[in-house]
Amino acid sequence: MASLSRTFVSIANRSYVNAPAAAPAMAKVLGVSAGVPSDHHGEHIGKPLLGASTKQRSSGGLLSRTAVNTNPISDLQLRRNHTTTVPDFSKYKKSSDRDTSRAFTYMMVGSTGLVSAAGAQATVSDFLANMSASADVLALAKAEVDLNSIPEGKNVTIKWRGKPVFIRHRTADEITEANEVSINELRDPQTDADRVKKPEWLVMLGVCTHLGCVPIGEAGDFGGWYCPCHGSHYDISGRIRKGPAPLNLEIPEYNFSEDKLIIG
């Protein structure tokens, strides 16, 4: 009975672990001797195999075999101390000084800016040239009239930019009459001298300032122009004197060149 009890006790005291409990067993599994330090830079000797087993005696005197699953230690798992050496790149270093390098940088930046500005100027010039008016359009922008063909006391109507232009060769009496009008009586106060460059020549747009009709020359209550659409009367200077028109007849831009009148 006592022998059977010792058997159960020995079975209960068996230890099934994945690693040996004693240091000598661990050293035996790892393949190194106890008390000898490991050299990391040397060759690793005695690598354990898979499925290595150890024996351990229990307190009851029975032997128990414990299987330890250990992987073999490779050279890649060993930690080694290495020294990194930085290569010398001094022979690739530029031999020029700092001032020369700065001058070259400034030259490249200035050259790039100059080329860019020249390209932008050429692009803008081409764009403006394409957008400008053609020769035929410029020809229509100005009108030239021979003043010798207009007798004194007569009107001439020409077409300029799609609008009628009245040209009046005024007599001395008409000039005197235009200057005698008091500007206080006018709806749109303006002297005759402000409306002409030469007293004998009156140049103005033939468009009524009311609704854009074309007035009739040498008509109306003041001997100038009359708009039959709504009854606006203009005097010999083209100033509104009666009717619904709010402003005087418009004076275009014009100049004299010897015996010629250039409008525009």
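Me: Is Cys227 buried or exposed, and what cut-off decides that?

Reply: Buried means under 20% relative accessible area, exposed means over 50%, and partly exposed lies in between (1.4 Å probe, protein chains only). Cys227 has a relative accessible area of 1%, so this residue is buried. Keep in mind that this is a predicted model, where local features need pLDDT of at least 70 and side-chain atom pairs count only at pLDDT 80 or more, while totals for chains, interfaces and linings use all residues. Residues are numbered from 1 along each chain as its sequence is written, and side-chain values use heavy atoms, with hydrogens and water left out.

Me: Which cysteine sulfur is closest to that of Cys227, and how many disulfides are there?

Reply: A disulfide is a covalent bond between the sulfur atoms of two cysteines. Here the rule asks for a pair of cysteine sulfur atoms within 2.5 Å. The closest cysteine sulfur to that of Cys227 is in Cys208, 3.9 Å away, which is too far for a bond. Cys208 is buried as well, because its relative accessibility is 4%. The count comes to 0 disulfides.

Me: What stands opposite Cys227 in strand 9?

Reply: Strands are DSSP runs (E, at least two residues), helices are H or I runs of at least four, and both are numbered from the N terminus. Two strands pair if DSSP finds at least two bridges between them. Strand 8 (residues 224–227) and strand 9 (residues 232–234) run antiparallel and are joined by 3 bridges. Cys227 faces Ser232 in strand 9.

Me: What is the strand order in the open sheet?

Reply: The order is 7-8-9-10, with antiparallel pairing in this open sheet of 4 strands. Strand 7 (216–219) and strand 10 (240–242) are at the edges with a single partner strand each, so one side of each lacks a neighbour in the sheet.

Me: Where is Arg168 found, and which side chains does its side chain join in polar contacts?

Reply: A polar contact is a pair of N or O atoms within 3.5 Å; within protein, one must be able to donate a hydrogen and the other to accept it, and residues adjacent in sequence count only if both atoms are side-chain atoms. Arg168 sits in strand 5 (residues 163–169) and is buried, at 4% relative accessible area. Its side chain makes polar contacts with the side chains of Glu174 (2.3 Å) and Glu218 (2.9 Å).
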